[in-house]
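Here is a short briefing for a reader new to this structure.

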Amino acid sequence: MPLSSFGHRNPSKQKQLGAAFIVMLVIMVLGVSAVLVTSLNKVSSALRSATSTSDVLSQAKSALIGHALSDSNRPGELPCPDTHAVGSANVGVADSSCSGGAIGRLPWKTLGLPNLKDSNNESIWYAVSDRYNAGSTAPLNSDTDGTINISGNISENSLVAIVFSPGRPLPNQNRSAANYNNFSHYLESIITSPNIFQALTPNDEPNGSFTYNDKIKVITRADVMSPTEKVVLKKFKDSGFFSNYYNDWHAYPFAASFVNPTGPASVYRGTNGFSSGLLPVAKQIGDATPKPYWNASPSCTDMSNISIGSGSLRNASDSSCSTNCVNARCSFSSPPAPGTVIKMTGTMSNVGNGFWRLYDKAAGAGIGASGSSTCLLPTEICVRLDSDSDYYPASDKLNNVTISAQFDSGTNTARITLIGTVKSGSNNAIDRIQFNREGLQHYLLPSWYSDNKWERVMYYAVSTNFLPGGNHTCTPNCLSLGVLPVSAVAIATGAPLSTQSHPSGTLADYLETPHTNPASGVYENRTLADDFNDKVISISP
């Protein structure tokens, strides 16, 4: 064999080997790609599943918070869960009542939602604190803690609610119709029903627990109460509580000094000269606050200020009185002629220390058409006739009756003036006009406000110019809310921050800078943060 035969390979065989190698390489690449694609598809599917479930839980959480904001009697309240039997027409409807902490399915119909399902086509479950659910009648405000605690991957106490995705059934779970409302066949998060839960890593995630596949979202007090406080401020302002008083007296009452707001109702009595502090609502929340009293005999004149009668003050036994008097009256020795315009002005103390309502000229349902021998409640201003000595409501015997008030400068004392024209007719001969102090009423707080003790987490501040006896202008001493000058503000103090404690008599435990310095008159709404959760609203007229 020639030596040259050993130095050269067969070209045809080289091509065959090369082609085979390429085929093998392609097969290997395709195999690896298939494995990679399968793995990626599984990861992608898991991510889609997790995202879908997370979105559903977020939707449920948002709907529950929205429901809390819309509750008109107990703002912040959450519905009871749905524990109706499978197949019931009421599936998806919140139970009409629940006691203690409650757990069941999300009441999707009550919340106006579709039947939300997780990525495994399981309905969403829901647990709610006993202090927040619709079965509770306890006061509910910013200081109300939840009663749900959770440990593990999420560690929080005093939660308001939790929403759950139960995932697919685990081997020890039997989701038959008989177990439809048995949470142990759906949820692994529960340690002790209904208030102690755990959050572990689900088994469809890396290093997850084989015996756990719940996914959860928690609802904190801040989640519910931060937006609820804004709603409460707006509802309170719109109730007319502030504006009605201002329209009567052309001022806002003095504040109560700031002390521990959980004290007796008497701590809410307004204090002369105080422009900020607690709302002066002692009477409204049950304090036996003395009513304002007459402290000077009234003048009784015509519109030219010519005397046409004599003024006097009377006590509860109808004897002459000089201090803390119950009634102020004008007496006429000769009845004023029809068409005479009568002007009666008296001075009343303490009306600037609380939300008192000005006299109502027409109030008098307690006196019938034939009159009464005494000035009976609810008549607030009585007119007595000379002919029979019976009393009638002022508007029965006087035309064009007006009642107005003006505070003396810087005091809680106001001059109250009645003007009215004697009606024509033989049965309108007046010999007395009398203001009945017991007829003086206080403005009522909205029941949802007082029932839930919102006054305990509310602060009140007024420009000195808009306190009793002020000049009612923003020059030069108005408060500022952001860049706007305002006459008065109300502040929802929020739940205590980590550096604060409730209840307390220390202002800095309720308000944050700059609100801890009332003398500055500076108020602002800022982004809520770990060091700020005050919400402020202007109550200016």
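The points below are grouped by topic.

This is a predicted model, in which local features need pLDDT of at least 70 and side-chain atom pairs count only at pLDDT 80 or more, while totals for chains, interfaces and linings use all residues. Residues are numbered from 1 along each chain as its sequence is written, and side-chain values use heavy atoms, with hydrogens and water left out.

**Cavity**

- A search of the whole structure finds one cavity of 30 Å³ or more. On a 1 Å grid over the protein atoms alone, a cavity is a set of points where a 1.4 Å probe fits but cannot get out.
- The largest cavity has a volume of about 50 Å³. A volume is the space filled by probe spheres set on the points, with grid points joined across faces, edges and corners.
- Its lining has 11 residues. Nearest the centre of the largest cavity lie Asn120, Gly167, Asp204, Asn213 and Lys215. Lining residues have an atom within 4 Å of a point.
- The lining of the largest cavity holds no nonpolar, eight polar and three charged residues. Ala, Val, Leu, Ile, Met, Phe, Trp, Tyr, Cys and Pro count as nonpolar, Asp, Glu, Lys and Arg as charged, and the others, Gly among them, as polar.

**Pocket**

- The largest pocket holds about 270 Å³ of space. A pocket is an open set of points with protein on both sides within 12 Å along at least five of seven lines.
- Its lining counts 16 residues, and Ala222, Ser226, Leu497, Ala529 and Asn533 lie nearest the centre.
- Helix H2 (residues 221–238) gives the largest share of this lining, five residues. Helices (H or I, at least four residues) and strands (E, at least two) are DSSP runs, numbered from the N terminus.
- The lining of the largest pocket divides into eight nonpolar, four polar and four charged residues.

**Backbone exceptions**

- Most residues other than glycine have a negative phi, and most peptide bonds are trans.
- The bond from histidine 502 to proline 503 is cis, with omega near -5 degrees. Proline 503 sits in the loop between strand S22 (488–492) and strand S23 (522–523).
- Threonine 513 and proline 514 are also joined by a cis peptide bond, with omega about 10 degrees. Proline 514 lies in the loop between S22 and S23.
- Histidine 250 is not a glycine, yet has a positive phi of about 60 degrees. Histidine 250 is partly exposed, at 39% relative accessible area (buried is under 20%, exposed over 50%, partly exposed in between, with a 1.4 Å probe and protein chains only).
- Asparagine 400, in strand S16 (residues 398–407), has a positive phi of about 50 degrees. Asparagine 400 counts as exposed, at 65% relative accessibility.
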